[in-house]
Amino acid sequence: MANRPRKASTRWIVNPVIITQRDQVWWFKLNGAMRHAIARGALNAVAPPIVLTEYPKSGGTWMSQMLSAALEIPYPRNRLPHLRRQILHGCYRRVSPNVKTIVQWRDGRDTMVSFYYHLMFEKPITSAKYSQAVIQKLHVKDVYDVETYLPRFIEWAFEGGYPGYSWSDFVSIWHEKPGHIETSYEGISRDPKGELAKILEFLGVSILGDDHSIDETIQEYSFENQARRKPGEEDVTQFVRKGIVGDWKGRFNREAREVFNHYAGAELIKLRYESDKSWIDEPIAASESDA
């Protein structure tokens, strides 16, 4: 097993930026086409990437940043990918078997809540045009009325909304598929060092004797350091919104629970987020707005 490289240079760390091309279809098509081609084995014969695939809002940016720092390789975020070794993060359904692949899970109920806030509230890193299109399509009159509109948002997400396939589809594609390593938002939240070490070992890199720099990397990309807030302190205008596990419990009303269960109750059990469907009938926690 190779020794871990020296501490990362910050030159590879790309902070969220306002992209002037974000509302231009050609830029998104080119970016997406290049990324999928690289993930599937094209354009990377000299330097295959490390691919991290997730369903949107599963914390993949967090782990990608830490891996980029730990391995000292680029993480091209909000820009066109490189044609050299890099962390390639996206929502991929198919990746070349010759590419080292990390699959990141998150409780689908939390992804729905996080995805709602990501699309419904304009922020520098999202497309205002796309957000408005979704709001209009779902006939949302007040984005702050999460209880009313979250059920129809969940239905939209499972019926072909961005990225064109659902959370349950993603689970079906990647669950127990051989040849990759898995991590999760919950696991990283609970033990970031252990999850990072596990992935680095999969990539052939040892962190033995280098605990200090790993600890520095984890601290640099912690929620507190990135958001300048404590986990649980919400800012709906920022990409890093709240940083907690189980936020769905204060956002899902009975209708949202039934809609989600209809589309993905089985997958929730498959990934062991629940042991059965009794969660649908559990007492509904008061939302922060009602507290």
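This is a predicted model: local features need pLDDT of at least 70, side-chain atom pairs count only at pLDDT 80 or more; totals for chains, interfaces and linings use all residues.
Start with the strands. Four of them make an open sheet, in the order β3-β2-β4-β5. Their pairing is parallel. The edges are β3 (residues 87-90) and β5, and each of these pairs on one side only. From one strand to the next, the twist averages 25°.

Look next at one pair. Strand β2 covers residues 50-54. Four bridges link β2 to β3, in the parallel sense. Within this pair, Leu52 stands opposite His89 of β3.

## Helices on the sheet

Helix α2 spans residues 60-71 and packs on the sheet. This helix touches β2, β3, β4 (residues 100-105) and β5. The direction of α2 makes about 180° with that of β3.

Helix α8 takes in residues 192-202. It lies across β4 and β5. Its angle to β5 is about 165°.

## A covered helix

Helix α3 runs from residue 108 to residue 120, which gives 13 residues. From first C-alpha to last, α3 reaches 18 Å. That is close to the 18 Å expected at 1.5 Å a residue.

How many residues of α3 are buried? The count is 13 of 13, and the helix is mostly covered. A residue is called buried when its relative accessible area is under 20%.

In an α-helix there are 3.6 residues a turn, so residues three or four places apart point the same way.

Most residues other than glycine have a negative phi, and most peptide bonds are trans.

The peptide bond between Tyr162 and Pro163 is cis, with omega at about 5°. Pro163 sits in the loop between α5 (residues 146-158) and α6 (residues 167-174).

His139 is not a glycine, yet its phi is positive, at about 55°. Its place is the loop between α4 (residues 128-137) and α5. Is His139 buried or exposed? Its relative accessible area is 59%, so His139 is exposed; the cut-off for exposed is over 50%.

Glu176 also has a positive phi, about 60°, and is not a glycine. This residue lies in the loop between α6 and β5 (residues 181-184). Glu176 counts as exposed because its relative accessibility is 66%.

Definitions and conventions. Residues are numbered from 1 along each chain as its sequence is written. Side-chain values use heavy atoms; hydrogens and water are left out. Helices (H or I, at least four residues) and strands (E, at least two) are DSSP runs, numbered from the N terminus. The expected span of a helix is 1.5 Å times one less than its number of residues. Buried means under 20% relative accessible area, exposed over 50%, partly exposed in between (1.4 Å probe, protein chains only). Two strands pair if DSSP finds at least two bridges between them. Axes are lines fitted to C-alpha atoms, for helices over the stretch in contact, and angles run from 0 to 180 degrees between N-to-C directions. Contact means heavy atoms within 4.5 Å.
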